[in-house]
Amino acid sequence: MSKIQQLPNHLINQIAAGEVVERPASVVKELVENSLDAGATSIDIDIESGGLKLIRIVDNGTGIEKQDLSLALSRHATSKIHHLEDLEAINSLGFRGEALPSIASVSRLSIISKTAEEEHGWKIEARNAADPEPVSSPQNGTTITVRDLFYNVPARKKFLRTERTEFNHIESLFKTLALSNPKVAMRLVHNRKTVYQLPANASETEYQHRLKRLCGQEFASSLIAIDAEVEGLGLQGWVAMPTFSRSQADMQYFFVNQRIIKDKVVSHAIRQAYQDVLFHGRHPAFVLYLSIDPRQVDVNVHPQKHEVRFRNSRQVHDFLYRSLHHALADIQPEQQVNSPAFALNTAHAGVDTTHTLQQESINFETTATPRYYRGESAPSFKVGEPLGAYSQLLNGPTTDAAASKDELHPLGFAIAQLKGIYILAENEAGLVLVDMHAAHERIVYERLKQHTFNEGIISQPLLVPLTLNVSQSEAELVENQAHELSRYGLKLERLSHEQIRVREIPALLKNADIEKLVRDVLSDWLEYGQSQRVEESSNEILSTMACHGSVRANRSLSIEEMNALLRDIEQTERSGQCNHGRPTWKQLSLEQLDNLFLRGQ
Ligand SMILES: Nc1ncnc2c1ncn2[C@@H]1O[C@H](COP(=O)(O)OP(=O)(O)O)[C@@H](O)[C@H]1O
Ligand SMILES: [Mg+2]
């Protein structure tokens, strides 16, 4: 007998199920995506025992015609694509035609469906799919019932976790699906208990309500709206202010044409945009929707379809980075005044409160004048600029917080200083508390960056040029982008097929690991079409300098100096957080004060 045999259909489906159906949540994903593809406006998800016993999805979509029912259960049968060209511009969530047969091969699956044209519905069991039976069905649409998942593949079943854990997976998937399609009403029931019941959202306000329900009050009230468009690309949605961050990357929703995806280019661009406003090791939170011509993105790269490939990933990277970076730099204090992330008494997700101010050196006049600036001359702005300079800036009223001034000065006016650490100020909403070290640090840092940016990055020749073996494409990059790279202070030249020489490096980074820096820059450049390594590394150094150059605790400031600092905070980009992502100020509203003293209760 021949050693090679054609596998039976059933086994082929079970092998495919290995890829597509990892756990109960993957079944829910495939089925709900089918409902969405069928244009459903209402989807009910009924789960029992973490999905092991029962998964039932009821939708009001177009339904499946009687003669298509058994086809729907056969492999490589789909209504969503017909030609190769369709594959190149996919508009639906599904297209591979393998979900239903795969699921059916590892469970007991049945379908009831009714189209608008028919009087009653039809039902089939996957076991004897050839024979649909008529059933009465009150509404148009499809109900798919999956019982006893993996009953016939015990090996697979062993890999499942507890019912609770499996349900948690379903619940987080549900959130994703509910965010991807705000206009669809969705319900999730577990063991006969309704966990979520979300009405269809027609308006923006209703959608925000859903967001609050799914991501929590605190997230929902520290949002920055994103709405950007360039040729062929649109980005809508929300990012959380940097002061609301997470210890895990769990509140990150990125949709490409309503499909949730995880993508290296995307996460890199977002990380870059948050670079420098986020506390070390924290993760930003966002819900973002990218719209892009389907021909510009390949969704056929992963069986579960949660990875994509952009045809022009550089353009996408650039667009995301710019849009978000811009929005984050633009946060105004007045936006923050009412945000819980800035309000006192709010459990603060982002901050390690054990941080103590460095109090050892109280010498404000120390000028850590950076020597790497062009011409070696001291920059017009000194890092350790004494706060006395603030007094020249402002001699206006101090405690007179008139309404008109409040519009101009959302942080209000200083009343007093506390323990040499905090500034107390009065504004329209109530009391503002400022951590003066943190605030000043951010201001100094932003100015340093500005200065470095305006003056350009100064390079410095290496005494002994460094020769590196690189890949051919990296060597080509060096050859073709030499000019571009020199803007970052890197003078590189191609020596041979796979060899380059490093001649000059940014003066600021002279103590860095040059080989690593150059390699990282080149690999970033190849992958994302640019690199922020130099900027990142020099920002780190500037940030340290800013920290040392800024006003220390225990320094007493005059009211004028304090007011000048408040005005600076208002005018400085990203001033809501210090360089380490800690908040620089907090609002304590009159209402919160009243609560403290039980006034009016
Ligand atoms: N809920 C549903 N409503 C309407 N049609 C459905 C539904 N679920 C599945 N179908 C039909 O069954 C076919 C096969 O589904 P599936 O195996 O998930 O493959 P795919 O979604 O990749 O086409 C779909 O192309 C669609 O025509
Ligand atoms: Mg499908």
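## Asn257 and its loop

Asn257 sits in the loop between β11 (252-256) and β12 (259-260); strands here are DSSP runs of E, at least two residues long, and helices are runs of H or I, at least four, all numbered from the N terminus. This is a predicted model, where local features need pLDDT of at least 70, side-chain atom pairs count only at pLDDT 80 or more, and totals for chains, interfaces and linings use all residues. Residues are numbered from 1 along each chain as its sequence is written, while chains are lettered from A and ligands numbered from 1 in the order in which they are written.

Asn257 isn't a glycine, yet its phi is positive, about 45°. Because it has 19 C-beta neighbours inside 10 Å, Asn257 counts as partly exposed (20 or more within 10 Å would be buried, 12 or fewer exposed, with C-beta atoms placed from the backbone).

## Asp148

Asp148 also isn't a glycine, and its phi is positive at about 50°. You'll find Asp148 in the loop between β6 (141-147) and α6 (154-158). Asp148 has 14 C-beta neighbours inside 10 Å, so it counts as partly exposed.

## Two packed helices

How far apart are the axes of α15 and α20? Helix α15 (residues 436-455) and helix α20 (residues 559-571) have axes 10 Å apart and pack at an angle of about 50°. That makes α15 oblique to α20 (under 35 degrees is roughly parallel, over 145 roughly antiparallel, 65 to 115 roughly perpendicular, and the rest oblique). Axes are lines fitted to C-alpha atoms, for helices over the stretch in contact, with angles from 0 to 180 degrees between N-to-C directions.
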